[in-house]
Amino acid sequence: MDSQDVQADLKEILCTKEQIQERIEELAAQIDKDYEGRDLLIVGVLKGAVMVMADLARALHSHVTMDWMAVSSYGSGTQSSGVVRIIKDLETDLMGKHVLIVEDIIDSGLTLSWLKANLESRGPASVEIFTMFRKPEAAKVEIDVKYVGKDIPNEFVVGYGLDYAEKYRNLGFVGSLAPHVYA
Ligand code: 5GP
Ligand code: MG
Ligand code: MG
């Protein structure tokens, strides 16, 4: 697939590479301040959060440890099933730790509210959420998100870790997918 083909699959660019990096720098400075003097474990949710974890971790100035979880809720389609399954669990014992879950996007919020409750049951000192993108639907669920990169319209988006049938994750920016791609 050449770059020409990728552009044709996108309807609109919602967040450029530069906008993403600038926002991550801002939030990282906030996180450095909020967790000053405390050990922080950042937990990336595979596979979508790989890009944002890598950029956020490098933008932080404090010591952090990193771990990963993989959960499934979507399959390869574009609708949340509401059923969450752990594909890969953490290797870290959360007892007494300050945990920050790092997500690519919150849509219905079903995945994250389940995940937050799951991690809270493991005895951590705190569990907070960072999401790079958030859709309006997420406002309907009771979920307290401490750090939000950007609120975006209610459209299916790809890029910067976000996939459609495993494609487009490698884009440095985020765009809405043209309907002809999944129609
Ligand atoms: P939620 O449970 O909040 O509805 O969404 C769970 C997961 O679905 C997100 O972490 C993300 O991996 C995926 N997802 C939600 N909305 C989108 C989207 O617009 N594009 C892509 N590629 N994935 C999404
Ligand atoms: Mg995700
Ligand atoms: Mg996906």
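Q: Looking at this predicted model, which elements do the buried residues of helix 3 pack against?
A: They pack against helix 2, strand 2, strand 3 (64-72), strand 5 and strand 6.

Q: And which residues of helix 3 are the buried ones?
A: M51, V52, M53 and L56 are the buried residues there.

Q: OK, on to the largest nonpolar core. How many residues are in it, and which touch the most other members?
A: The core has 38 residues, and I42, V43, V52, L100, I101, V102 and L162 touch the most other members. V52 is also among the buried residues of helix 3.

Q: Which elements give two or more residues to this core?
A: On the helical side, helix 2 (17-34), helix 3 (50-59) and helix 4 (110-120) do. The strands that do are strand 2 (40-46), strand 5 (98-106), strand 6 (126-134), strand 8 (157-158) and strand 9 (174-177).

Q: Which one gives the most?
A: Strand 5, with six residues.

Q: Let's zoom in on I42. Leaving aside neighbours within four places in sequence, what is it in contact with?
A: I42 is in contact with M53, A57, V64, M66, L100 and V102. M53 is one of the buried residues of helix 3, while L100 and V102 are among the core residues that touch the most other members.

Q: What about phi at Y160?
A: Phi is positive there, about 50°, although Y160 is not a glycine. Y160 is in the loop between strand 8 and strand 9.

Q: Is Y160 buried or exposed?
A: Y160 counts as buried, because it has 27 C-beta neighbours inside 10 Å and the cut-off for buried is 20 or more.

Q: And E166, what's its phi?
A: E166 has a positive phi too, about 75°, and is not a glycine. E166 lies in the loop between strand 8 and strand 9.

Q: Last topic, confidence. What's the mean pLDDT?
A: The mean pLDDT of the protein is 91, and 93% of its residues reach 70 or more.

Q: What are the ipTM and pTM?
A: The model scores ipTM 0.94 and pTM 0.92.

Definitions and conventions: Residues are numbered from 1 along each chain as its sequence is written. Chains are lettered from A and ligands numbered from 1 in the order in which they are written. This is a predicted model: local features need pLDDT of at least 70, side-chain atom pairs count only at pLDDT 80 or more; totals for chains, interfaces and linings use all residues. A nonpolar core is a set of buried Ala, Val, Leu, Ile, Met, Phe, Trp, Tyr and Cys residues joined through C-beta atoms within 7 Å. A residue is buried if 20 or more other C-beta atoms lie within 10 Å of its own, exposed if 12 or fewer, and partly exposed in between; C-beta atoms are placed from the backbone. Helices (H or I, at least four residues) and strands (E, at least two) are DSSP runs, numbered from the N terminus. Two residues are in contact if their C-beta atoms, placed from the backbone, lie within 7 Å. pLDDT is the predictor's confidence in each residue, from 0 to 100.
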